[in-house]
Amino acid sequence: MTDAIATANPAPLHAPWWARLLGWLLAPWIGLRIEPPEVVAALTADARPLCFVLERYGLSNALILERACREAGLPSPLTPAPGDPLGRPRSYIALSRRRSPWFGRPRTRTHSEGLARLLERQRTQPELDIQLVPVSIFVGRAPDRQSGWFSVLFSENWVLVGRFRRFVSILLNGRHSIVQFATPVPLRAAIAEGLPPERTVRKLARVLRVHFSRIRAAVIGPDLSHRRLLVDKVLETDSVRQAIADQARRDNKPVADAWRKAHAMAWEIAADYSHPMVRSLSFALTPFWNRVYDGVQVHHLDRLKDIAPGHEVVYVPSHRSHMDYLLLSYLLYAHGIVPPHIVAGVNLNMPVIGTILRKGGAFYIRRSIRGSALYSAVLGEYVALLVGEGFSLEYFIEGGRSRTGRLLQAHGGMLAMTVRGYLRAPRRPIVFQPVYLGYEKLMEGKSYFDELSGRPKQKETIWALIRGTVAALRENHGQVAVSFGEPIKLDAVLGAHAPDWRGRPIAGDERPKWMRDVVEDLAGRILVNVNRCADVNPVNLLALTVLSAPKRAMAEADLLELLALYKRLLTAIPYSDRVTVTHMEPFQVVDYGLSMGILQRTAHPLGDVLWMDEQTAVLQTYYRNNVLHLFTASAWVACCFQTNRRMHRDAVLRLGRTLYPFLQGELFLPWTPDEYVQRVQATIELFIGEGLLTFDAASGYLGRGPGQTDEVFRLRTIAHSLQQAFERYFIAVAVLVKNGAGTLSVGELENLCQMAAQRLSLLYADTAPEFFDKSLFRGFIHKLRETGVVKTDENGKLGFGADLEAWARDAKIILGRELRHTILKISPESTRNAAPSAA
């Protein structure tokens, strides 16, 4: 990595003979990863005197630093810097030093003599422009499948270890060491502040200690207290003590009984984080990932590394699989970032497995905390304690795993607890880190299929987990993509809704009026940013294309052209700069689908046909739904020309703007209505360039070709991904209009829409499993109320006016006559409406 970096510093002097000898003896036991490359490159090009700063003094640290500098092309720290600013035969200092016998208990003392000497030399010789370079060294940080189980006991942590433990740590873990160089600190700037020399030394030492502490926290996590101490802290808080007293009063029992109940709750919740266990899990999981997956692609992790130091990171990934917990923590640990504390459902607190996950950072919460003020207080204080202590967190704001491949509407409970915890003690700024997890084959695919088919969800047990793991080891699950989205800073969101929040402390049970808006804003931004870092894999592209065909079958030539068209749509009008697309060519995508068992091939003299069987097609709707949002504008334009040969350009834009709020609410799209219209305009131009549409500038009309041309076939394929969404919308509108204003409540409308959708899927055509998902109807109805198209009267019934009836008329632009007639015919009436006519 560093051999090709040109150095502006003079050729470094050789280290002393004793250092070369010890370095030679140590070399077989040390393997270095030098980070970050851009800082190292800047240092090698810097001609100013460099003086390296270590957090702790130690011979092994000095030798590791010397080797890292040699490999990076930097001056040796065991030789004087230009001008000899230290007045000693070296160019490094350490902030702390260990004082004890070889096997004694170590003690630490601060060591500022070197800093004072450097600052004095800078004052007397300002032309030197000395640069302090903080260097963090971590021995035994990265996981490795060849590591022994015993070596995890000697991995890097917060404890100041003795010489013997350090010696053993190097022997066991030294091959996986990290050396992190930081941006240099110019001493001229420190002196320019004009402080007295003693204060300058103390301030600079304090700044360096904070820097090292932040880097260590980012790499191995905050210094941890024992689980029992955390539980005791929770039970001692005022809000929990008050909740205990209230519980005792409600139960008419002694306070001691209520305290024991609270203690049991806290003990059930609390994690028992263990560095050796985390490293052990990394050891065990490496061969598991290698067996189950062909590879794990990680995107945009470097941007997270830039922002993590100095911030408390809350990871908010999409939730597709039980593997999400393990995969994200493993990847963070493997890339030198501390794994977070993970919110897990109490259903995973199984014998043995629950303990392992708890020591890996999981803490368990119940599915519902309504009706238990005591549990709510205990959980809230525990989360506030983690936030106040600077622990990184991970939770899934969707509440549960998505069974359809779409992002689910957010549950704001954990977000609200996190925000309240931060407002009570805003020590370290919080950033929410959205993460997109994309799979090519889910381990839970069969169980999701069963649940969507109406079978009850199977309870998690240790035996079910073992059976699932054994089955997973026998199958090829393709690749996994983990993509990090744009972080969201909590301070910025708070400032937008409550500009004076910093000057007003928030009590534990206080709920400011603006809290709900903050939580909803955060939830919306998180889901939008998850979608903005989607990864488009070969399976997504195959699902988009083949599922659009009437019999889930397509000529190979047509499939290849459609795959190429989808890739051109993604690159010509990018969704965001964080969306990644497979590099495979269309023929490679087809070959990959055949190898994964997704596609079947039937040879034919006129050209091979590629198809999916029925069960595979149902499962593939999941992977199509992962990326539906990326093609919203193109699908809308294509939908306009399914039943229309010609359509005025302004009408396409007007109706697109009208429908956008509903698509945005369902698919978590990032644009304003004006931005979406601009995107639709760009898509129209692209379609004209691709020959899919024509445009008559004189009349302003867009048109498609006649009959069953290739261009019409491609338009139908692109439109298919949104067609069923518009059918659902029309079902809801048709049911409302048929029953009349002031007749149905929200719940009644949801039930009738679900029944109509189920019947339509039986009578009309194959539909995706989520077509009659009640939550999708609920979201659409909520958006109708939010936009004022539908209003709730004093009796809780839904009323509407001419706007909704105009919607029903506009449906003919998108939906065919036969389909509209079928929906109107099967749309049910409420029993109250139907009863009189039956009489």
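Me: What makes the pairing of the side chains of Asp-324 and His-319 a polar contact?
Reply: The two side chains approach to 2.9 Å, which meets the limit for a polar contact (a pair of N or O atoms within 3.5 Å, one able to donate a hydrogen and the other to accept it, with residues adjacent in sequence counting only if both atoms are side-chain atoms). The model is predicted, so local features need pLDDT of at least 70 and side-chain atom pairs pLDDT 80 or more, while totals for chains, interfaces and linings use all residues. Residues are numbered from 1 along each chain as its sequence is written, and side-chain values use heavy atoms, leaving out hydrogens and water.

Me: Why does Asp-324 have no salt bridge?
Reply: The nearest side chain of opposite charge, Arg-320, is 6.7 Å away, whereas a salt bridge needs a side-chain nitrogen of Lys or Arg within 4 Å of a carboxyl oxygen of Asp or Glu. The backbone nitrogen of Arg-320, however, lies 2.7 Å from a polar atom of the Asp-324 side chain.

Me: How do you know that Glu-381 and Arg-424 form a salt bridge?
Reply: Their closest N and O atoms are 3.0 Å apart, and the pair links helix H15 with helix H16, 43 residues apart.

Me: Why does Glu-381 count as buried?
Reply: Its relative accessibility is 6%, and buried means under 20% (exposed is over 50%, partly exposed in between, with a 1.4 Å probe and protein chains only). Arg-424, at 34%, therefore counts as partly exposed.

Me: Which residues of H4 are buried, and how do they lie around its axis?
Reply: They are Gly-114, Leu-115, Leu-118, Leu-119 and Gln-122, and they fall within an arc of 130°, so they line one face of the helix.

Key: Lys and Arg count as positive and Asp and Glu as negative; His and the chain ends are not counted. Helices (H or I, at least four residues) and strands (E, at least two) are DSSP runs, numbered from the N terminus. The arc is that of the directions from the helix axis to the C-beta atoms.
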